[in-house]
Amino acid sequence: MRATWTIGRIRGAPIALHWSLPLGAFFFGRFAWAPAFWLAFALIILFHELGHALVVRRTGHTIVHV
């Protein structure tokens, strides 16, 4: 995918960060210097997306990208 940075793989499916992640973290952090909030924001989104991947795997489909 364009505009992403691949940070790893889970069972062969690439895990990528989109350019909008830091923008969203900064916005929802009220434009403040809050690295702990930014990390927590990214982890919440990661766990949310992994939940989608789990449902895809459980229904017998192939995970293409997280």
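This is a predicted model: local features need pLDDT of at least 70, side-chain atom pairs count only at pLDDT 80 or more; totals for chains, interfaces and linings use all residues.
Residues are numbered from 1 along each chain as its sequence is written, and side-chain values use heavy atoms, with hydrogens and water left out.

Let's start with the overall layout. The chain has two helices and two strands, taken as DSSP runs (H or I of at least four residues for helices, E of at least two for strands) and numbered from the N terminus. Follow the sequence along and the pattern reads β-β-α-α. The C-alpha trace spans about 40 × 20 × 15 Å along its principal axes. As for the surface, the accessible area is about 5,400 Å², and 70% of that belongs to carbon and sulfur atoms; the Shrake-Rupley method with a 1.4 Å probe gives these areas, and for residues only the protein chains shown count as cover. Contacts (heavy atoms within 4.5 Å) tell us about reach along the sequence: among those between residues at least 6 apart, 24% join residues at least 24 apart.

Now for the inside. In soluble globular proteins, nonpolar side chains tend to be buried together. A nonpolar core here is a set of buried Ala, Val, Leu, Ile, Met, Phe, Trp, Tyr and Cys residues joined through side-chain atoms within 4.5 Å. The largest one has five residues: Ala 13, Ile 15, Ala 53, Ile 63 and Val 66. Within that group, Ala 53 touches both Ile 63 and Val 66, leaving aside residues up to four places away in sequence.

Next, the largest pocket, with a volume of about 320 Å³. A pocket is an open set of points on a 1 Å grid over the protein atoms alone, where a 1.4 Å probe fits and protein lies on both sides within 12 Å along at least five of seven lines; lining residues have an atom within 4 Å of a point. The volume is the space filled by probe spheres set on the points, which are joined across faces, edges and corners. There are 14 lining residues, and Ala 16, Leu 17, Leu 21, Ile 45 and Leu 46 are the closest to the pocket's centre. Strand S2 (13–18), helix H1 (20–28) and helix H2 (35–58) each give two or more residues to the lining, with the largest share, six residues, coming from H2. By class, the lining has eleven nonpolar, two polar and one charged residues (Ala, Val, Leu, Ile, Met, Phe, Trp, Tyr, Cys and Pro are nonpolar, Asp, Glu, Lys and Arg charged, and the others, Gly among them, polar).

Over in helix H1, have a look at Leu 23. Leu 23 counts as exposed because its relative accessible area is 52%, and its C-alpha is 9.8 Å from that of Trp 38, 15 residues apart along the chain. Phe 27 also lies in H1, but counts as partly exposed because its relative accessibility is 49%. The C-alpha atoms of Phe 27 and Gly 12, 15 residues apart along the chain, are separated by 32 Å.

Arg 30 is exposed at 75% relative accessibility, and Phe 31 is exposed at 54%.

Note on methods. Buried means under 20% relative accessible area, exposed over 50%, partly exposed in between (1.4 Å probe, protein chains only).
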